[in-house]
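This report describes a structural model, with attention to its strands, its pocket and the annotated positions. The sequence and structure are shown below.

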Amino acid sequence: MILTDTHTHLYSEAFDEDRSLVIEKAMELGVKRFFIPAIDSTYTNAMLDLEKAYPENIFLMTGLHPTHVKEDYRKELAHVEEMLASRKFYAVGETGIDLYWDKTFLKEQQIAFKQQIQWAKKYAYPIVIHCREGFDEIFQILEEEKSDGLFGIFHCFTGTFEQAQKAISYNMKLGIGGVVTFKNGKIDTFLGEIDLKHVVLETDSPYLAPVPYRGKRNESAYLVNVLEKMAHIYAMDKEEVAAITTTNSREVFGI
């Protein structure tokens, strides 16, 4: 069984004490592929070091996270553009709109999101979208940018059934992680109505650990808990869910 964690921040400071153990533990449980989203330029070297340590298992993205869109966002975008021109990546992201913490830089977030979509199209890369209280704003930009060249993952999807259908209409897979195991997560009430071909699995570690680890540091090994919940929702064997969702990830990332 091969599992794919389509979204994990393994370079995070949260793993500085035991990063190799965390990765090896996950690999022993079948998690063999780790897709690594960017946050901003301060993490680039750590991401490159991670790839160097596990070249067969680590696949990097480049991008600017919406919560890190500040006064210097033009400088950060220039770094993303420079990285895209310098080497291969597997996606542009994570990018999107986050209005949960602060609405100060909404306009700048919109500009940065649109620019990163356009770069993803230019390089024929998927886009990996972060959304927190920004569905309307994200869908507006996706509508403006929709084309055959627009595709990717709606990471950590926590919306409604209608929003899920809308995301899929823009060639997005739904990234499903720990939230699906939460009693108040709600997505488990309708997810089974969505064809599994539209779904990929993720952890977003070190954030959003699934039950029974909720509130603790998340790890890629806990993807097996997400898998168990998904197997229950879809009434399938875990191996079948793992195979389908990994195939879906290959369709998105091209590897």
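In what order do the three strands of the open sheet lie, and is the pairing parallel or antiparallel? In this predicted model, the order is E1-E2-E3, and the pairing is parallel. Strand E1 (3-5) and strand E3 (58-60) stand at the edges; each has a single partner strand, so one side of each lacks a neighbour in the sheet. From one strand to the next, the twist averages 20 degrees. Three bridges join E1 to strand E2 (residues 31-36) in the parallel sense, and Thr-4 is placed opposite Arg-33 in E2. Helix H2 (residues 44-53) packs on this sheet, where it touches E2 and E3. The direction of helix H2 makes about 145 degrees with that of E3.

**The annotated positions**

An unreviewed UniProt entry places the feature "binding site" at His-130 and His-155. These positions span 26 residues in sequence, yet no two of their C-alpha atoms are more than 5.7 Å apart, so they gather at one spot. Both His-130 and His-155 are included in the lining of the largest pocket.

His-130 belongs to strand E5 (residues 127-132), whereas His-155 is found in the loop between strand E6 (152-154) and helix H6 (161-169). Their accessibilities are set out below.

| Residue | Relative accessibility | Class |
|---|---|---|
| His-130 | 12% | buried |
| His-155 | 2% | buried |

Because buried means under 20% relative accessible area, His-130 at 12% falls in that class, and His-155 at 2% does as well.

Leaving aside residues up to four places away in sequence, the contacts of His-130 include His-65, Pro-66, Glu-94, Asp-98 and His-155. With the same exclusion, His-155 touches His-7, Glu-94, Val-128, Ile-129, His-130, Gly-175, Glu-202 and Asp-204.

**The largest pocket**

The largest pocket holds about 780 Å³ of space. It is lined by 27 residues, of which the closest to the centre are His-130, Arg-132, Cys-156, Asp-204 and Leu-208.

Which strand gives the most to the lining of the largest pocket? Strand E5 does, with three residues. Strand E4 (92-98) and E5 each supply at least two residues of that lining.

Definitions and conventions. Residues are numbered from 1 along each chain as its sequence is written. This is a predicted model: local features need pLDDT of at least 70, side-chain atom pairs count only at pLDDT 80 or more; totals for chains, interfaces and linings use all residues. Side-chain values use heavy atoms; hydrogens and water are left out. UniProt positions are given in the numbering used here, feature names are shortened, and annotations may be inferred rather than shown by experiment. On a 1 Å grid over the protein atoms alone, a cavity is a set of points where a 1.4 Å probe fits but cannot get out, and a pocket is an open set with protein on both sides within 12 Å along at least five of seven lines; lining residues have an atom within 4 Å of a point. Helices (H or I, at least four residues) and strands (E, at least two) are DSSP runs, numbered from the N terminus. Buried means under 20% relative accessible area, exposed over 50%, partly exposed in between (1.4 Å probe, protein chains only). Contact means heavy atoms within 4.5 Å. Two strands pair if DSSP finds at least two bridges between them. Axes are lines fitted to C-alpha atoms, for helices over the stretch in contact, and angles run from 0 to 180 degrees between N-to-C directions. Grid points are joined across faces, edges and corners, and a volume is the space filled by probe spheres set on the points.
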